[in-house]
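Please look over the sequence and the structure shown here. The paragraphs after them go through a few local features in turn.

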Amino acid sequence: MDSTEDLDYPQIIFQYSNGFLVSKVMFTACELGVFDLLLESGQPLSLDVIAARLGTSIMGMERLLDACVGLKLLAVELRRDGAFYRNTEISNIYLTKSSPKSQYHIMMYYSNTVYLCWHYLTDAVREGRNQYERAFGISSEDLFGAMYRSEEEMLKFLAGQNSIWSICGRDVLTAFDLSPFTQIYDLGGGGGALAQECVFLYPNCTVTIFDLPKVVQVAKERLVPPEERRIAFHEGDFFKDSIPEADLYILSKILHDWDDEKCGQLLAEVYKACRPGGGVLLVESLLSGDRSGPVETQLYSLNMLVQTEGKERTAAEYSELLGAAGFMDVRVRRTGKLYDAVLGRK
């Protein structure tokens, strides 16, 4: 029989119910520029200086900074002339805009977009559909038309996805040896961060980003360095347009956007285009076989409910989708990080 003597249930419920407060503290400090200011200063700053430089009230900033200290995002030093604040290492690495591993853009996307959809989670659970109409007053019949409802919103999304691959890309691209694949198509490759990591890891390959025309234009003009000649671009909609022949197709965080029927349709087209001996690499956050975790993936699946038409799946479910499309020798690699890799061969 399981023992519950050591479980502090009121504390657990308190932590869970206040989770959104924790994330909002971090998002607000990012948005106001707290971590950037402290990094640029090169030394601890007082409350008065931080509030003045960021244009906030002293009272409000004091409470925000103290909460960040409690969350280990800032450290504080008490001097005779007051409290002085500095970033912790984790904030310097992940929460400042200039860091190569910055998660600032995905934080802003969650704060300004995802949170608005999650406000209607109860409705999403009742209805079984995403909440763009309630959150933003627009139809989601065209899913990515809703997600990319403005150029600013598209840029926020693409920059956010790029920030994820800055810390997760290497793990998923080295889960299998991809060196035998020289011509690669990154379907729905977005801002190109995963493609850039791929050509860095595998110098003999070329990667073509296949995405909607407006996404390709933004990636070419703003996100992918023009001197990177091993990355090409292909404008199109992979549900409507033919998919060119290649050795390997990468679908990173693509299938979780769609229901099983659309996933099957897309994988069947990929299989037809794939050269014999080629393959498809799925990059997704995998649920455990009994769906008991990881909790991050379970939360992502709820996010798919409020934002898309899809869901997170188990390795067996992805293997079944790949097998139904014709792919063989399906292998799964769990990275121990946020995203895992599934490789199917033709």
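K253 is a residue of the loop between strand 7 and helix 14. The model is a predicted one, and in it the phi of K253 is near 55°, a positive value in a residue other than glycine. Most residues other than glycine have a negative phi. K253 counts as buried because its relative accessible area is 12%, and the limit for that class is under 20%.

The loop between strand 7 and helix 14 also holds W258, while F239 lies in the loop between strand 6 (231-235) and strand 7 (246-252). A pair of aromatic rings is described by the distance of the centres and the angle of the planes. For F239 and W258 these are 5.0 Å and 75°, an edge-to-face arrangement. The two residues sit in separate loops, so their pairing ties together parts that are 19 residues apart in sequence. W258 is buried, with 7% relative accessible area. Both rings belong to one aromatic cluster, which also takes in Y109, F144, Y148, F157, F210 and F238. Over the whole structure, a search finds 13 aromatic pairs.

R149 lies over the face of F136, 3.7 Å from the ring centre. K24 is placed over the face of Y115, at 5.2 Å from the ring centre.

Next comes a pair of helices. Two packed helices are described by the angle between their axes and the distance between the axes. Helix 3 (residues 34-41) packs against helix 4 (residues 47-54) at an angle of about 115°, and the axes are 11 Å apart. Their crossing is right-handed. On the helix 3 side the contact is made by V34, L37 and L38, which meet I50, R53 and L54 of helix 4. By class, five of these residues are nonpolar, none is polar and one is charged.

S91 is part of helix 6 (residues 89-94). With a relative accessibility of 0%, S91 is buried. Apart from neighbours within four places in sequence, S91 is in contact with F35, L73 and T96.

Two backbone features remain. D329, in strand 9 (residues 328-333), has a phi near 50°, again a positive value in a residue other than glycine. The peptide bond from G293 to P294 is cis, with omega near -10°, whereas most peptide bonds are trans. P294 lies in the loop between strand 8 (274-284) and helix 15 (295-307).

Definitions and conventions
Residues are numbered from 1 along each chain as its sequence is written. This is a predicted model: local features need pLDDT of at least 70, side-chain atom pairs count only at pLDDT 80 or more; totals for chains, interfaces and linings use all residues. Side-chain values use heavy atoms; hydrogens and water are left out. Rings of Phe, Tyr and Trp (its six-membered ring) pair if their centres lie within 6.5 Å; planes under 30 degrees apart count as stacked, over 60 as edge-to-face and the rest as tilted. Helices (H or I, at least four residues) and strands (E, at least two) are DSSP runs, numbered from the N terminus. Buried means under 20% relative accessible area, exposed over 50%, partly exposed in between (1.4 Å probe, protein chains only). A charge sits over a ring if NZ of Lys or CZ of Arg is within 6 Å of the ring centre and within 35 degrees of the ring normal. Axes are lines fitted to C-alpha atoms, for helices over the stretch in contact, and angles run from 0 to 180 degrees between N-to-C directions. A crossing is left-handed if the near helix is turned anticlockwise from the far one by less than a right angle, and right-handed if clockwise. Contact means heavy atoms within 4.5 Å. Ala, Val, Leu, Ile, Met, Phe, Trp, Tyr, Cys and Pro count as nonpolar, Asp, Glu, Lys and Arg as charged, and the others, Gly among them, as polar.
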